[in-house]
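Here is a short report on one helix and on the nonpolar cores of the model. Please keep the sequence and structure in view while reading.

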Amino acid sequence: MQKERTFVQKFHLFLKGLAMGAANKVPGVSGGTVSFVFGFYEELIYSFRKVNVTAFKLLINGRFNSFFRYVNGAFLLLIMGGSIFSYFSISLVLDYFLQNYELYVWSWFFGMIIGSIYYIGKDFSEWNKINIISLTIGVLVGVGISFLKPAGENDNLWFVFICGIIGVSGMTLPGLSGSFILILLGNYVLLLVDSVNELLFVITSLIAGNFDVLSDPEKIRYLKIISVFTAGSAFGLVSISHVLGYVLKRWNSIVTAVIIGFITGSLGIVWPWKKAVYASTNGNFILDKSGNKIIKNYSRFIPDFSNSETWFAIFYITLGIALILIIDYYGRKKK
């Protein structure tokens, strides 16, 4: 599936990586949904599947160009590069809007997911008994996940590795938010906030010539955690992609129906009208390394339609739906 791309196409692919990276960081939003809607999901799965024994043999034998072509390296470099860059740039802007305009951001995502359900489902015509059952299972699992109670934080390295495998699922499974799963596992703040902040601090300190940070036990602890989490994520990307590639090839319609169900069920997670429930002990809020309160879960409620804020939120839902419809129109026109 190696493709020759123009500079403009490569730039568009990088932008899609930015969007996927930003989506992966938001609890309740799946980067896999972004890849599905933007039309590069199957190539993403295909490329991850190419990281196999043959690829490692090419790498060990020093055939770097052959390895790069074999794993569709140009595509992966653009997508993953965009995702990583987004995590330290675009997603920070998203964090600002979530902090100051939370209702409108969630409304926008809610609308985009509704649009995504239409986008994926509009060309799906095989609604037989098996696919309807698959759709129902996907919906029930998605809704069920949104109402699970989070576990406590666990920094055991084996558990952190498992968190990496599960947390990366949002990139490979549309509708399943890896960030939200990490909240349920109790390790969202540890892995995606505290460890990342410590890693950035260590990197900037080393660049500034301060090597004393490498003798700080607390810094070393976080470096171990982020390293194991990254290893688990890499292992999860490759292993889950191999499984997905296998089932997509043999049971494409069933898997697509389940994916549509997942995405539909995830609407419960991104429901805009909710209040954060913060973790506490003995009546005191538990804070992360940055002094921010740790979100335990969300309490959802029906909006007050006499409030102008509710109608602004509905406007942003409509805007989110319209964005996906525009992407769909642009895609059909381009074809």
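## Helix 13: buried residues

The buried residues of helix 13 are Tyr188, Val189, Leu190, Leu191, Leu192, Val193, Asp194, Ser195, Val196, Glu198, Val202 and Ser205. Buried means under 20% relative accessible area, with exposed over 50% and partly exposed in between (1.4 Å probe, protein chains only). Helices are DSSP runs (H or I, at least four residues), numbered from the N terminus.

This is a predicted model: local features need pLDDT of at least 70, side-chain atom pairs count only at pLDDT 80 or more, and totals for chains, interfaces and linings use all residues. Residues are numbered from 1 along each chain as its sequence is written, and side-chain values use heavy atoms, leaving out hydrogens and water.

## Helix 13: packing and geometry

The buried residues pack against helix 1 (7–25), helix 6 (73–87), helix 10 (157–167), helix 12 (178–185) and helix 14 (217–250). Helix 13 bends by about 30° at Ser195. That bend is the angle between axes fitted to the seven residues ending there and the seven starting there.

## Nonpolar cores

A nonpolar core is a set of buried Ala, Val, Leu, Ile, Met, Phe, Trp, Tyr and Cys residues joined through side-chain atoms within 4.5 Å. The largest has 43 residues; Met20, Leu44, Phe48, Phe75, Ile79, Met171 and Leu244 touch the most other members. Helix 8 (102–121) is among the helices that each supply at least two residues. Its share, seven residues, is the largest.

A second, separate core has 23 residues, including Leu182, Leu184, Leu190 and Ile225.

Definitions and conventions. Contact means heavy atoms within 4.5 Å.
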